[in-house]
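I opened a new notebook page for this structure.

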Amino acid sequence: MDFPASPFASEFYAQFKVFHELMAVKIREVLLVSSPYDAFILEEDGSLASRIINEYSGLNLSIPPRVTRRSSALEALKLLKRKKFDLVITMPHLEEMDAGALAREIKRITPDLPVILLAHNPRGLLPIPQNSVCQGIDKVFVWSGNSDLLLAIVKNVEDGLNVERDTDLAQVRVMILVEDSPVYRSHFLPLIYKEVVKQTQAVLEAGLNEEHRLLTMRARPKILMAENYEQAMCLYRRFCPYLFGIISDARFPRNGKMDDEAGFRFLSRARREIPDLPLLMLSSESKNRSRAEVIPAVFQDKNSLNLLGEIHDFFLRYLGFGDFIFRSPSGAEIDRADSLRTLQEKLARVPDETLRYHAERNHFSNWIMSRSEIALASKFREVQAHDFNTVDEMRNYILRNVKASRIWRQKGVVTKFKRNHYDAETMDFAKIGEGSLGGKARGLAFMSALLPENPEIYEKYPDVDILIPQCLVISTQGFEDFIGRNDLARFAEDGYRDEEVTRRFLEAEMPEWLMEDLRAFLEQVRYPLSIRSSSRLEDAHFQPYAGLYSTYMIPNNHPDPKVRLRHLATAVKRVYASTYFEGPKAFSVSTNNPHQEEAMAVIIQQVTGSKHGRYFYPAISGVAHSHNFYPVDRMKPEEGIAHIALGLGKTVVEGERALRFSPGYPNLLPQFSTVDDILANSQRYFYALCIEGCSEPLDFGRHGNLEKREIDEAESEAPVQMLSSTYLPEEHRIRDSGYGTGAKVLTFARVLKHKIFPLPELISDLLDLGKKALGCPVEVEFSVDLSPNDKQKHAFYFLQLRPMVAHQEQFQVTITKEDIRDAFCYASRALGNGKSEEIADIVYVKPGDFKPEATVQMAEEIGRINTALTAEKRPYLLVGPGRWGSSDRWLGIPVQWRHISGVKAMIELRNQSLKVDPSQGSHFFQNITSLGIYYATVTEDSDDFFDWDQVNRFPAAQETDYLRHVHLESPVLLKTDGRTSQCVMIAQKNH
């Protein structure tokens with residue numbers, strides 16, 4: 001018989017989500033009505049309110065109720081008419097009326113308000129008629145000075161008020177206690193609650209985070225009480241599917257009369273209908289032991305001197321509390337497990353007869369249910385041991401489902417990192433320290449919660465594993481401690497070069513507590529790691545700080561753990577140092593954010609991909625935007641745009657050569673219009689992480705420890721073969737296959753045209769999901785690991801989610817034919833919307849002096865002019881060929897933010913020497929758009945133009961080897977129409 005492990009996405013997420021809705025009715029206000037003497041006795045060892053508060057805080061429960069006391073029944077009734085209470089506790093001796101009369105009056109005012117009678121001793125109950133409920137009293141207890149009883153009363157009332165809804169909503173478990181004696185009831189109930197609460201708390205010691213612990217506490221079993229056979233049967237029939245145990249007296253009323261057989265009748269019926277339900281018979285008459293054996297049920301003598309210990313043992317052995325004890329069929333202990341993790345480990349090796357022994361008695365289900373893992377326990381209850389052909393088949397079924405449960409219970413949860421409880425196998429997202437996650441990690445955490453909320457995306461793509469790489473986030477507490485103990489805060493000020501900051505940070509000591517946490521993390525993790533920035537301001541709405549901080553990758557496979565820890569600590573220090581680099585400081589000035597208040601969290605993330613020879617990399621990395629600033633042909637702005645490349649994502653985010661396509665039209669590729677275009681524009685280099693034969697120490701200064709490889713040298717590796725086409729020079733034709741002889745050209749045709757992987761559709765769905773969740777256009781970073789065979793699924797990894805700035809038209813701008821006629825610049829593809837008359841300075845690269853090999857020097861010259869203009873608060877227009885901000889200096893001028901922090905408008909010139917796609921896939925472009933900088937692309941040999949003759953006639957303010965800076969007496973009139981993407985720039989005559 002085949003029992004596949006079903007997908008746990010929806011049911012486990014639904015279970016965790018529904019915990020928010022449990023225990024909706026809480027006891028917040030308690031009215032205590034007692035004579036002054038009764039109150040004195042009750043509070044002899046401390047006030048009732050203090051006792052309840054102490055019990056709540058001692059057990060880490062939620063907010064304790066507030067207790068209001070009145071000594072007069074009439075005063076209490078007046079107060080009830082003015083103020084809402086959730087529970088009334090009354091003592092028996094009142095001056096104006098007895099407790100029964102008070103209860104009846106209370107029910108007239110508030111019929112559903114619970115009323116509890118609390119007597120000091122059994123004699124105090126004598127004036128109360130036996131059928132107390134008819135008199136308005138819901139339950140009767142006897143106070144013996146045990147403060148646990150107060151907690152038990154409040155929790156029992158809450159259970160009664162919530163049980164109907166919580167069992168229907170979340171299948172919360174129920175225990176029935178049948179006891180007609182108020183004395184024994186007052187004795188047993190606190191013990192049962194203490195066992196339940198302590199068990200739940202023991203489970204939560206390794207809880208995911210504080211929210212998860214509190215929510216799981218809400219799913220603890222409910223305790224319901226019955227005083228007679230009819231009440232017991234009523235509870236049994238209503239909550240039969242949710243029962244996890246019954247504790248019953250042997251003798252209690254049935255049909256209005258005391259019946260010695262009532263307990264036997266009740267427990268026997270439960271045993272017939274639920275054969276494996278744990279049953280406990282309590283009796284002060286030892287002769288009932290034989291009656292319990294007939295049922296069969298566990299028997300305990302109420303007169304036993306060790307009654308409390310025996311009840312505790314019943315909870316441990318039969319209800320699944322405490323450790324799971326593996327036993328042989330003879331009862332001998334074989335092993336024990338204290339968590340789902342250790343249960344999974346030991347299930348794999350316990351003897352067959354032990355596994356069958358527990359499975360036949362539903363011990364696994366009971367133990368798992370006691371830990372509030374309701375979905376998994378219910379799944380195990382649906383099958384029986386005899387449903388499996390072999391013990392191995394049953395063992396594999398249990399192991400698969402336990403592992404799936406452990407994995408899915410972590411989905412969407414930021415787990416607090418604990419050295420002794422960290423489990424790399426199941427914990428996808430953990431956090432070290434108490435500070436902020438930072439913007440980038442916050443986006444990842446949000447997406448890790450959003451995906452399980454939308455299980456339909458997994459159902460739509462059953463052949464794709466949609467994943468978020470495992471993450472450990474060092475919160476900003478680590479950064480602040482590191483900065484403070486090493487006196488590094490001064491580097492937040494201007495005047496320090498990046499190299500000096502890096503050197504000083506590398507010399508500094510990491511906090512010891514952080515090093516111990518990282519050491520514990522590396523003990524379990526051996527896959528390659530990406531160490532990424534996540535500052536407080538990074539990826540914020542409208543100010544994304546994209547790409548301004550550093551990212552490093554390490555192979556994490558050195559045989560010496562100390563070396564691996566040193567590599568990780570070095571990468572973390574370098575990310576910390578980038579907080580105070582010149583680029584982020586300049587960007588903060590542009591956004592009016594005080595950089596001294598910046599703090600850095602660090603994401604330590606699993607590098608996605610596979611091993612190919614000496615290298616590790618994914619088949620595809622990419623960035624997708626839900627808004628396309630430069631739609632062409634049939635494309636629409638709202639359909640989005642994607643940029644993809646072979647290998648790690650540095651190629652895309654730094655503006656190097658990548659493939660651009662609209663998810664709605666994946667075969668519409670303007671840069672691949674002809675064979676010549678494909679040969680000229682296809683990707684030629686990619687980034688990979690060396691994991692074998694690497695240099696030591698690691699080269700963090702060069703590409704963040706990555707290697708830049710040529711496509712040709714990797715043509716035998718699976719990703720290149722799967723994503724390449726072959727150029728046939730004799731036919732001047734490209735064949736959509738990377739296998740066979742011939743020059744390889746990276747076209748991604750098997751994905752975009754032949755659909756071996758649903759990348760365009762998946763990107764569209766994720767962009768829509770992110771856009772709806774954030775309420776604005778979004779950018780996502782992703783990677784894809786393609787499986788070379790049909791036995792293994794392809795994997796799509798979600799790497800980052802950030803808000804994207806797509807400025808909407810705040811007012812209508814009209815560009816006339818006269819504007820175009822008078823302009824020195826016209827562009828049909830421009831970003832922004834508005835009108836500006838602020839720019840009187842133009843800085844441009846002299847066309848005749850441009851040399852691709854000198855673009856780095858040009859960036860430095862721009863930086864010097866920028867510094868001077870920024871100091872004088874003179875915004876300027878920057879004009880140059882190719883792709884601004886690209887890290888590939890052969891595609892454009894590799895300016896960083898510190899070079900252009902004062903720019904107001906930019907022009908990309910596309911000509912025959914540098915005809916590259918617009919740079920909207922890069923981090924640089926994201927920051928440009930976020931600041932509302934006007935950005936135009938002027939393409940030669942089209943309707944676009946830039947009037948060099950007119951601009952060259954403007955008087956020069958200064959010239960460098962490659963630049964000319966001109967100053968106009970009157971500001972330029974700049975108009976950009978966001979509806980048509982047109983832009984004009986007009987040199988105005990003197991005002």
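**Whole chain.** I looked up burial and found that buried residues make up 59% of the 991 residues in the protein chain. I keep in mind that this is a predicted model. The accessible surface comes to about 40500 Å². Carbon and sulfur atoms hold 48% of that surface. I then listed the secondary structure: the chain has 33 helices and 45 strands. Next I checked contacts with a separation of 6 or more. Of these, 72% are between residues 24 or more positions apart.

**Helix pair.** Two packed helices are described by the angle between their axes and the distance between the axes. I took α16 (residues 374–381) and α17 (residues 391–408). Their axes come within 10 Å and cross at roughly 165 degrees. Angles over 145 degrees count as roughly antiparallel, so α16 is roughly antiparallel to α17. The crossing of α16 past α17 is right-handed. Which residues meet here? From α16 I noted L376, K379 and F380. From α17 I noted Y397, I398, N401, V402 and S405. By class, this contact has five nonpolar, two polar and one charged residues.

**One residue.** I picked L522, which sits in helix α22 (residues 512–524). Is L522 buried or exposed? Its relative accessibility is 5%. Buried means under 20%, so L522 counts as buried. I set aside its neighbours within four places in sequence and looked for other contacts. L522 touches L529, N556, R564, L565 and L568. L568 lies 46 residues from L522 along the chain, yet their C-alpha atoms are separated by 9.2 Å.

Note on methods: Residues are numbered from 1 along each chain as its sequence is written. This is a predicted model: local features need pLDDT of at least 70, side-chain atom pairs count only at pLDDT 80 or more; totals for chains, interfaces and linings use all residues. Side-chain values use heavy atoms; hydrogens and water are left out. Axes are lines fitted to C-alpha atoms, for helices over the stretch in contact, and angles run from 0 to 180 degrees between N-to-C directions. Helices (H or I, at least four residues) and strands (E, at least two) are DSSP runs, numbered from the N terminus. Angles under 35 degrees count as roughly parallel, over 145 as roughly antiparallel, 65 to 115 as roughly perpendicular and the rest as oblique. A crossing is left-handed if the near helix is turned anticlockwise from the far one by less than a right angle, and right-handed if clockwise. Contact means heavy atoms within 4.5 Å. Ala, Val, Leu, Ile, Met, Phe, Trp, Tyr, Cys and Pro count as nonpolar, Asp, Glu, Lys and Arg as charged, and the others, Gly among them, as polar. Buried means under 20% relative accessible area, exposed over 50%, partly exposed in between (1.4 Å probe, protein chains only). Accessible areas come from the Shrake-Rupley method with a 1.4 Å probe; for residues, only the protein chains shown count as cover.
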